[in-house]
Amino acid sequence: MTTQTGGRPQSLDAVIVGAGFAGLYQLHLLRDRLGLKARVLETGDGVGGTWYWNRYPGARCDSESHSYRYFFSRELHESWDYSERYPGQEEIRAYLNHVADTLALRPDIQLSTRVTAAAWDEAARRWTVTTEAGERFSCRWLITAVGCLSSANVPAIPGLEDFRGEWHHTGRWPHEGVDFAGKRVGQVGTGSTGIQAVPVIAETAQTLTVFQRTANYSVPARNGPLNEQRKQEWRDNFEEVRKLVRSTPNAHPFRISTDKAMDQDAETRRARYEKAWEVGGLRFRAVFHDLLLSKAANDTAAEFLKGKIREIVKDPETAAVLSDIDHPYAAKRPPIDTNYFDTFNKDHVDVVDVRADPIRRIVPEGIELESGKVHELDVIVFATGFDAMTGPLLSIDFQGADGRRLKDDWAAGPKTWVGVAIPGYPNLFTVTGPGSPSVLANMIVPIEQHVEWIADCIETMEREGVDRIEATPAAAEAWMSHVNDAANATLLPQAGHSWYLGANVPGKPRVFMPYAGGMVRFRQICDAVAARGYEGFAMGAPADPAAPPPPVLAELTGPDAPPLPGAPAGAKTSLIEAPGV
Ligand code: N01
């Protein structure tokens, strides 16, 4: 591999940062469809992105196998079977390696390469990308495929450096694994990750103490092997599944009911929840249309789920701690599990309520609480989440037009035009950036949509000889205001401590980052932006700070908006009809 550490940077048409689902597909399109000289730069020493890093015990996707895969190629689809209802981390990583081999992507992926900075050169109309090792690349197009949840958030608890045992963050799990046998393990965090890890860690640990700050709902995943008949069914129904995931607001392969919880009598409601509990998984969210729109509706689901915790967990005090949930169901990302609550019935597993008695510090022997009680531990597992959405982007020192810096421009929160472009940063595209539906949907679908939209845009610019494209400030302002309106039309902001709002990272601005207006609406808006000659963008010259907001947004989201694609005749299109999650 030729690289330059001094002198002239290596020249490419496009640099893609990250070799997960987004980066691999972006490389395929730019190189194999557009014929560009493109390279992926990836920090890890293998492909896989999220699934390369998150090797913690129990790591598994919450999207169902037949929907958690690329949909752009039938051949690729037919060349791969997952073995279980939900794909495990190892299998997803194997799938992405299979994709890299099948599409012969490896020669254009540079591993073990962390991008640290990127600077826009206005005169040359190119980006210079710099890596940690000091290599430099010059490119016309720069695409970040860095994921939404890739900056591990290790809480700044004093004393961690003095801890005598070992500690690990789930998002940076050692490749050789961690041996818990005979060890006293403490786990901090009970989000989707923590809830997956607890039952598996408990299988071998001598003791497991779970430090819970916010109690959480969880629905059984009902994972299990897929038999041959089911695998064949998914192969045969490729087109149907593809159509389905592209037609639902959350991009999952099931429809959200049009029935409202409060229109049912209590008995019918309960029967519907019971059935969804048996079916398992994120489908529980789809039982009623209004679960994220009406607090009264949500309360009925919340009470049902809290009741289940009290039924499963035998010790009433433990059950009370685990079911003392302070936010509406699904206002934070709803976890699904395999035996999570049941695990607390084991004698060697316990929960500590660190909202009642907060963690004061880490001492050499373990974790000390405000009350002075010390929990002695050999291993601490931080299942404490991520500096989500903006973290991975801000870990790169982006210097845009006129020397502006992204960390300054986003000091009060991120600003993008349809999640994909940032005013002041020409020719930079952010796959599933802040303001995209991303994490509120089955990720593969928004990733494919963004990657294809970016490839189409670059293809148009290359064909038309446009060497510069930049989102206007007014487009980004209007979009973030719409993202905010979409969130406020739901109960999502009511989980005040959620990472959707950036509330899990001290000092981070509280801005609702993902787009809750649904994937169907989002695709419709992005398609219209392109069809109308890239509205909201300036082409060939710097964006005019005084340009008006793009009319496309008001036309597609205002009171006279046309129906969403696939909506029944006569359906209205108000924001609250299309919430994601
Ligand atoms: O992280 P989280 P995660 N002291 O931020 C607690 C995706 N995912 O890794 O809620 C004590 O949700 C924190 O407490 P609180 C999915 O999108 C997908 O679990 O801030 N506790 C919380 O309990 C998910 O949403 C899959 O009060 C502290 C936990 O740590 C996202 O990743 C599987 C603390 C963090 O929960 C992130 O999930 C797994 C402190 N100082 C995850 N700091 C798939 O299926 C934090 N906490 C694809």
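Me: To begin, which residue forms a salt bridge with Glu122, and how far apart are the closest N and O atoms?
Reply: The partner of Glu122 is Arg468, and their closest N and O atoms are 2.7 Å apart. Arg468 sits in the loop between helix 14 (444-464) and strand 19 (469-471), and Glu122 in the loop between strand 4 and strand 5, so the pair ties together parts that are 346 residues apart in sequence. A salt bridge here is a side-chain nitrogen of Lys or Arg within 4 Å of a carboxyl oxygen of Asp or Glu. Helices (H or I, at least four residues) and strands (E, at least two) are DSSP runs, numbered from the N terminus.

Me: Before we continue, what kind of model is this?
Reply: This is a predicted model, in which local features need pLDDT of at least 70 and side-chain atom pairs count only at pLDDT 80 or more, while totals for chains, interfaces and linings use all residues. Residues are numbered from 1 along each chain as its sequence is written, and side-chain values use heavy atoms, with hydrogens and water left out.

Me: Back to that pair. Is Arg468 buried or exposed?
Reply: Arg468 is buried, at 0% relative accessibility, whereas Glu122 is partly exposed at 30%. Buried means under 20% relative accessible area, exposed over 50%, and partly exposed in between (1.4 Å probe, protein chains only).

Me: Which residues are linked with Glu122 in a network of salt bridges?
Reply: The network links Glu122 with Arg125, Asp467, Arg468 and Glu470.

Me: And how many salt bridges does the structure hold?
Reply: There are 45 salt bridges in the structure. One of them joins the side chains of Glu132 and Arg114, at 3.8 Å from N to O. Glu132 lies in the loop between strand 5 (126-131) and strand 6 (136-144), and Arg114 in the loop between strand 3 (109-110) and strand 4 (115-121), so this bridge ties together parts that are 18 residues apart in sequence. Glu132 is exposed at 58%, and Arg114 is partly exposed at 39%.

Me: What about Asp299 and Lys295, how are they placed in helix 9?
Reply: They are 4 residues apart in helix 9 (residues 295-312), which means that about one helical turn separates them.

Me: New topic: which residues of helix 15 are buried?
Reply: The buried residues of helix 15 are Ala474, Ala475, Ala476, Ala478, Trp479, Met480, His482, Val483, Ala486 and Ala487. Their cover includes helix 16 (519-531) and helix 17 (551-557).

Me: And what does His77 touch?
Reply: Leaving out residues up to four places away in sequence, His77 touches Arg69, Trp234, Arg235 and Phe238; contact means heavy atoms within 4.5 Å. His77 belongs to helix 3 (residues 74-78) and is buried, with a relative accessible area of 3%.

Me: Lastly, which residues line the second largest cavity?
Reply: The lining consists of Ser65, His66, Arg69, Asp81, Tyr82, Leu226, Lys231 and Trp234. A cavity is a set of points, on a 1 Å grid over the protein atoms alone, where a 1.4 Å probe fits but cannot get out, and lining residues have an atom within 4 Å of a point. Arg69 and Trp234, which line this cavity, are also among the residues that His77 touches.

Key: On a 1 Å grid over the protein atoms alone, a cavity is a set of points where a 1.4 Å probe fits but cannot get out, and a pocket is an open set with protein on both sides within 12 Å along at least five of seven lines; lining residues have an atom within 4 Å of a point.
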